[in-house]
Amino acid sequence: MVLVTGATGGLGRRIVRRLREQEIPARAFVRLTSRYGEFEQRGAEIFIGDLRQDKDIQKACQNTQYIISAHGSNGDAQAVDYRANIELIDRAKEAGVEHFVFISVLGADRGYEDAPTFKAKREVEKYLIASGLNYTILRPSGFASNLLPLAENFRQTGIYLLIGDPKSRTSIVSTDDLARIAVDSLTVEGARNKILPVGGSDILQREDIPRIFSRIFNRDPVVINPPMFVFDGVRSTVGLLNPKVYKGLGTLRTLLDNEFFCMPEDIANLESIFTMKMESLESFLRRYLAN
């Protein structure tokens, strides 16, 4: 049995699908308010719970061989990115879990003091490594599926909002590839007890993204490119009303103001370990958008 947290997210949903396509027993950790009917149809076991409740995590980990932690925090890095994962690791040890796959983030080890999610992910990485569990830590550079809503907006308006330096480099990974790697990491020997950066096949500049949209939809892009100080001004204004939101926006600022890309040798290593060819961002978007 494989327990998947964050099962209804863009990545988690793909992980559960892949497990069931391979007829691997899967337990999807979901909230009652989530849409999880697809999982029942695919034969996955549904566990309704709250990752902020230790007792729910303990129950979910019972009779599991593997865990894939793929959940995000929805702005609560302390409780969900950090505490829930620490509890998952502790309960995994109690349950005798054979392998733990943790979805971290590229740059978790760079010491971004203003980014709660990055800090939480790094502390969880260290805790997992010291736990004695077999593990794989995946550090994706960004999910291609997160661009789908932006692409749909571009389809309707032709407008693309690009905050910060358009020359910043990125290597956004196909979310389908990341799901495959997460599942295969459970059993592929080359992934055991490794930290693996995960990116797409190409190193892009952020200004390349609206150009890809333009090719897919055959329309000229209107790129709005405000500098970072505009974002900082908005963040500070919001922070006067809600300091918690101000702190949460630190992670977004870190993502907007820094480069997140994998080196070619990182991608070659992934392709060797998992015997696959990483998909380009444009290929991923065309599969989902070109119709």
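Two strands pair if DSSP finds at least two bridges between them. Strands (E, at least two residues) and helices (H or I, at least four) are DSSP runs, numbered from the N terminus. This is a predicted model: local features need pLDDT of at least 70, side-chain atom pairs count only at pLDDT 80 or more, and totals for chains, interfaces and linings use all residues. Residues are numbered from 1 along each chain as its sequence is written, and side-chain values use heavy atoms, leaving out hydrogens and water.

**Stop 1: the sheet**

Select strand 5 (99-103) and strand 6 (135-140). They pair in the parallel sense over four bridges. Click phenylalanine 102: its bridge partner in strand 6 is isoleucine 137.

**Stop 2**

Angles run from 0 to 180 degrees between N-to-C directions, and axes are lines fitted to C-alpha atoms, for helices over the stretch in contact. Contact means heavy atoms within 4.5 Å.

**Stop 2: two helices**

Select helix 6 (148-157) and helix 12 (281-289). They pack at an angle of about 65°, with their axes 11 Å apart. Show the side chains: Leu148, Ala151, Glu152 and Arg155 in helix 6 meet Phe284, Leu285, Tyr288 and Leu289 in helix 12.

**Stop 3: a pocket**

Select Ser73, Gly75, Asp76, Ala77, Gln78, Pro116, Thr117, Lys244, Lys247, Gly248 and Thr251. They line the second largest pocket. A pocket is an open set of points on a 1 Å grid over the protein atoms alone, where a 1.4 Å probe fits, with protein on both sides within 12 Å along at least five of seven lines; lining residues have an atom within 4 Å of a point. Which helix gives the largest share of this lining? Helix 10 (243-257) does, with four residues.
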